[in-house]
Amino acid sequence: MVIGFIGVFLAWSLRAFQEAPGEKLHRREYEERARRAGAKRAARGGGKQR
């Protein structure tokens, strides 16, 4: 049981330093959508309306 715990802990620790598969692509797509939404908002006059 101890060996299993150490193995799982070691695997988790190594995985924490590595990005999940596809994460870079998802982040890039999200940033692109956010940039486009910001550009649309700015083109409409944007800002807070009260």
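Which side chains meet in a salt bridge at 3.1 Å, N to O? Those of glutamate 32 and arginine 36 do.

1. Basis of the note. This is a predicted model, in which local features need pLDDT of at least 70, side-chain atom pairs count only at pLDDT 80 or more, and totals for chains, interfaces and linings use all residues. Residues are numbered from 1 along each chain as its sequence is written, and side-chain values use heavy atoms, with hydrogens and water left out.

2. Salt bridges. The count comes to two salt bridges, where the term denotes a side-chain nitrogen of Lys or Arg within 4 Å of a carboxyl oxygen of Asp or Glu. Besides its pairing with arginine 36, glutamate 32 forms a salt bridge with arginine 35, with the closest N and O atoms 2.5 Å apart.

3. Position in the helix. Glutamate 32 and arginine 35 both lie in helix H2 (residues 23–43), three residues apart; glutamate 32 and arginine 36 are four residues apart in helix H2. Helices are DSSP runs (H or I, at least four residues), numbered from the N terminus.

4. Glutamate 32 is partly exposed because its relative accessible area is 28%, whereas arginine 36, at 52%, is exposed. Buried means under 20%, exposed over 50%, and partly exposed in between (1.4 Å probe, protein chains only).

5. Helix H1. Phenylalanine 9 lies in helix H1 (residues 2–16). Phenylalanine 9 has a relative accessibility of 47% and therefore counts as partly exposed.

How values were computed
Helices (H or I, at least four residues) and strands (E, at least two) are DSSP runs, numbered from the N terminus.
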